[in-house]
Amino acid sequence: QTDAAINPGNSGGALVDAGGRLIGINTAIFSKSGGYQGIGFAVPINMARSIMDGILATGEITRGWMGLSFQDLDKALADAFALPETRGALVNEVLADSPAERAGISRGDVVVSFGGRPVSDAIDLRRSIALAPVGSSIEVGVQRERQRLTFDVPVEAYETEFTYTSEDAGESSALEGIAVEELDRRTAERIGLKPQTRGVIVKDIVSRSPAAQSGLRPGDAILEINRETVDGVAKFKRLLQELEGKPLVLLLSRGGALYYLSLPS
C-alpha cells in the first residue's frame, strides 16, 4: 500500500522512490473522487522480479510448495507454545508424504525463520514459500517445545490446473471468459462440502461475459453441467466442447448452499 499519487490508467506502471529506484508495479487505487487522491496499491518489485525471472526461464509461472498449512499467532497461542512474541507462523497441518513431512516438520511447530530470514507472520511465510525456487532446498527454522530446530526442506512445484475456457471452447460458449481450477480437498472443506467432492472452482470471470451476467461469481464451485458430474478440469473442458451452443444448467455450491443456475446458449 502506498500514498503516492496513482492515477486511473497507471496500472502496470512503475512505482519509484525518491531516488528513482523501481520498488513496485502499480495495480490499483481506492479513491472516492475517481482521481489520484486516496490509497494506491502495488506489487512489490521483488515479487514481480521473481515472477518475471520464472517466465523468462521456463515460459510459465510456478509456485513453490512444501505441504504446510499454517496460521498467525496471537498472544494466547504464543503463551501456550512458550514463545516470547507473536512473530512466526504456527503449523496446523502437515500433508502426508509432503516435503515438509519428509524433512521432519510437525503440526504444532512454529516456523520462525525461512532461508535464514525471520518470519513475521503467516502471510510472510506463504509468500516466501510461493516465491522459493522450485527444486531448491530451504533451511526452515522452527520452535518446538522450547527447542530451536532447523530442517532442510525441498521446494516442489505447486500443482494446479488453471485454464480460461475461451482457450478451449468456441466463442458461442455460455461459459466463455471464466477461469477454473481443480476443486481440491482443502477447498471443498472450506466451502462446506465433503472432502471427496469433485468439481471445479471459478477463480476469475470476465465482468461482461454471459456467465457473469447470468450470475456466476468467482468462488462458485461448479459440480455438474446439465446433470452430468464435473470431476475435474479435463471433464469440465470436454463437456463444454460437447455442449457448445446449447443452454447450460449448472449445479453450484456457493456459501455452503447448493443451487442450479441456468445459462442461455
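Q: Is Arg21 buried or exposed?
A: The model here is predicted. Buried means under 20% relative accessible area and exposed means over 50%. Arg21 has a relative accessible area of 54%, so Arg21 is exposed.

Q: Which side chain does Arg21 meet in a salt bridge?
A: In general, side chains of opposite charge can pair when their charged atoms come close. Here the side chain of Arg21 meets that of Asp17, with 2.9 Å from N to O. Asp17 has a relative accessible area of 23% and is therefore partly exposed.

Q: How many salt bridges does the structure hold?
A: There are 15 salt bridges in the structure. One of them joins the side chains of Glu181 and Lys203, at 3.7 Å from N to O. This pair links distant parts of the chain, since Glu181 lies in strand E13 and Lys203 in strand E14, 22 residues apart. Glu181 is buried, at 16% relative accessible area, whereas Lys203 is partly exposed, at 41%.

Q: Where do Arg238 and Glu242 lie, and what separates them?
A: Both are in helix H7, and because they are four residues apart, about one helical turn separates them. Arg238 is partly exposed at 36% relative accessibility, and Glu242 is partly exposed at 45%.

Q: Which residues are linked with Arg238 and Glu242 in a network of salt bridges?
A: Glu228 and Lys235 belong to that network, together with Arg238 and Glu242.

Q: How many residues has the largest nonpolar core?
A: A nonpolar core is made of buried residues whose side-chain atoms lie within 4.5 Å. The largest one has 23 residues, and those with the most contacts inside it include Leu175, Ile178 and Phe236. Among the elements that each supply at least two residues are strand E13, strand E14 and helix H7. H7 gives the largest share, four residues. Another core, of 21 residues, lies apart from this one and includes Val91 and Phe151.

Q: Is Asp124, a charged residue in a helix, buried or exposed?
A: Asp124 sits in helix H4, residues 122-131. Its relative accessibility is 10%, so Asp124 counts as buried. Leaving aside residues up to four places away in sequence, Asp124 touches Arg117, Pro118 and Val119.

Q: In which sense do strands E9 and E10 pair?
A: Strand E9 (residues 137-144) and strand E10 (residues 147-154) are antiparallel, with eight bridges. Glu139 stands opposite Asp152 in E10. The two strands form a hairpin with two residues between them, and Glu145 in the turn has a positive phi of about 50°.

Technical notes. Residues numbered from 1 in each chain as written. Predicted model: local features only at pLDDT ≥ 70, side-chain atom pairs only at ≥ 80, totals over all residues. Heavy atoms only, no water. Buried < 20%, exposed > 50% of the residue type's maximum accessible area, 1.4 Å probe, protein only. Contact = heavy atoms within 4.5 Å. Pairing = 2+ DSSP bridges. Salt bridge = Lys/Arg side-chain N within 4 Å of Asp/Glu carboxyl O.
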